[in-house]
Every structure is written in C-alpha cells, then in structure tokens.
Amino acid sequence: MKVIEKIALIIYSNIILILSIILCLLIFGWLDMGVVGDIVNKCLTTDPASKITLGVCIVFILLSIRCIFFDPTSKEELKDKQGVLLENENGKLMISKETIENLVDSVARDFESAREITTRVELDKENNVKIFVNLTVNSNAVIKELSANLQNRIKEKVKKSTDLDVKEVNISVKKVAPTQESEEA
C-alpha cells in the first residue's frame with residue numbers, strides 16, 4: 001500500500017470513528033441533538049465551511065469508490081505472488097510457483113518411501129525460494145535420511161531447471177503409512 005493510501009485510510013477511519021462516537025453519544029442522550037444540529041447547520045450553510053464540507057465529501061466518495069471497485073494490489077505484488085520474473089538481453093521469463101511445485105512433486109515421487117506429497121512455494125521480493133513439502137512416508141523409511149536426500153535433490157533439480165537458488169526446503173512428515181507388502185500379507 002502506498003503512503004498516500006495509508007494516510008487517506010487513517011484519516012477516513014478516524015472520521016468514521018468520530019461520527020460513530022457522536023452517534024453513540026446521541027443515542028445514549030449524553031449529547032444534545034440541538035448542539036449537533038447547530039454545528040451541522042453551520043457547516044452546511046456558511047460559505048467557507050460548506051465548500052470545505054463539500055470538498056471533504058467528494059474526497060470520501062472517491063476514496064470509497066476506489067476501495068470498492070479497484071484492487072489496491074500493485075502489479076509488482078501480483079508478480080511476486082505469481083512467480084519469479086527473470087530477465088536477460090533476449091527478454092523476460094516468468095517461472096510460476098506452480099511450475100516449481102510441480103518440479104518438487106516430480107522429485108519427491110522418485111523416492112519410493114514418499115507418498116501423498118503436497119508442496120507449497122513461497123517467494124520474497126529478492127526472489128528467494130522457500131519450499132514446504134508435506135508427505136506421508138512408508139513405515140520402512142529412514143525419515144532423517146529420506147528428508148536430507150529429498151532436500152538435496154529438490155535444491156539441485158530447481159537450480160538445474162530454473163537457475164534459482166532455493167534458500168530452504170522444509171519437510172513435514174504428516175504420518176507413517178504401512179508398506180504395501182505388509183498390507184498384502
């Protein structure tokens with residue numbers, strides 16, 4: 001969010017807060033309706049006050065329309081959410097998060113001990129890649145060895161395929177499933 005948008009939102013929120021407090025005070029009878037009516041009357045009928053009130057109302061209407069109908073997410077933020085944008089002298093290349101997730105899934109499927117693999121990729125503004133893998137393993141798997149091998153293979157595969165350095169590969173073992181041989185017996 002840009003600084004101007006933040007300031008406008010703060011001002012807008014404060015005015016709504018003040019109006020809400022005034023309405024609550026009127027409802028509870030702690031503020032006289034005549035006093036509020038006189039202030040509103042002066043704001044609407046005296047020349048400089050009415051022009052200021054009109055200007056503020058127009059600004060609030062425009063802010064409201066912008067908030068309702070226009071997405072405040074910038075194009076840069078959308079690119080960060082979608083994937084990594086690489087550029088060279090020949091042009092641009094967008095590598096989506098989905099592509100990286102598919103690479104990770106293909107690497108994980110190569111391990112016989114790994115089952116039910118789900119992957120999530122996070123990217124920051126510096127194009128640092130963090131990968132989160134959830135999986136179920138067979139009961140005969142050596143989890144520490146499997147995770148170390150999986151982390152290394154994922155980093156190598158992503159580097160080779162996309163030329164991106166993976167900062168972290170976080171593996172979470174959801175559960176241990178029985179091996180297929182013991183299920184058949």
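## Salt bridges

A search of the whole structure, which is a predicted model, finds 4 salt bridges, a term used here for a side-chain nitrogen of Lys or Arg within 4 Å of a carboxyl oxygen of Asp or Glu. Side chains of opposite charge can pair when their charged atoms come close. One of these salt bridges joins Asp 47 and Lys 51, whose closest N and O atoms are 3.9 Å apart. Both residues lie in helix 3, 4 residues apart, which is about one turn of the helix. Asp 47 is partly exposed, with a relative accessible area of 48%, whereas Lys 51 counts as exposed at 56%; here buried means under 20% relative accessible area, exposed means over 50%, and partly exposed lies in between, with a 1.4 Å probe and protein chains only.

Lys 159 takes part in a salt bridge with Asp 163, the closest N and O atoms being 3.3 Å apart, and in a salt bridge with Asp 165, where the corresponding distance is 3.1 Å.

## How the model is read

Residues are numbered from 1 along each chain as its sequence is written, and side-chain values use heavy atoms, with hydrogens and water left out. In this predicted model, local features need pLDDT of at least 70 and side-chain atom pairs count only at pLDDT 80 or more, while totals for chains, interfaces and linings use all residues.

## The chain as a whole

The chain contains 7 helices and 5 strands, where helices (H or I, at least four residues) and strands (E, at least two) are DSSP runs numbered from the N terminus. Read along the sequence, these elements follow the pattern α-α-α-α-β-β-α-β-β-α-β-α. Of the 185 residues, 20% count as buried.

Among contacts (heavy atoms within 4.5 Å) between residues at least 6 apart in sequence, 51% join residues at least 24 apart. The chain exposes about 13500 Å², of which carbon and sulfur atoms supply 59%; accessible areas come from the Shrake-Rupley method with a 1.4 Å probe, and for residues only the protein chains shown count as cover.

Leu 135 lies in strand 4, which covers residues 129-138, and it counts as buried because its relative accessibility is 1%. Leaving aside its neighbours within four places in sequence, Leu 135 is in contact with several residues, among them Arg 115, Glu 116, Ile 117, Leu 150 and Ile 171. Ser 172 is also in contact with Leu 135; the C-alpha atoms of these two residues are separated by 6.5 Å, although they stand 37 residues apart along the chain.

## Aromatic rings

A pair of aromatic rings is described by the distance of the centres and the angle of the planes. Rings of Phe, Tyr and Trp (its six-membered ring) pair if their centres lie within 6.5 Å, and planes under 30 degrees apart count as stacked, over 60 as edge-to-face and the rest as tilted. By this rule the count comes to 2 aromatic pairs. One of them is formed by Tyr 12 and Phe 60, an edge-to-face pair with 5.1 Å from centre to centre and 80° between the planes. This pair links distant parts of the chain, since Tyr 12 belongs to helix 1 (residues 3-28) and Phe 60 to helix 3 (residues 47-69), 48 residues apart. Tyr 12 is partly exposed, with a relative accessible area of 28%, whereas Phe 60 counts as buried at 18%.

Elsewhere, Arg 120 lies over the face of Phe 132, at 4.3 Å from the ring centre. A charge sits over a ring if NZ of Lys or CZ of Arg is within 6 Å of the ring centre and within 35 degrees of the ring normal.

## Positive phi values

Most residues other than glycine have a negative phi, and most peptide bonds are trans. Glu 116, which lies in strand 3 (residues 114-123), has a positive phi near 40° although it is a residue other than glycine. Asp 163, placed in the loop between helix 6 (143-162) and strand 5 (166-177), likewise has a positive phi, of about 65°, and is not a glycine.
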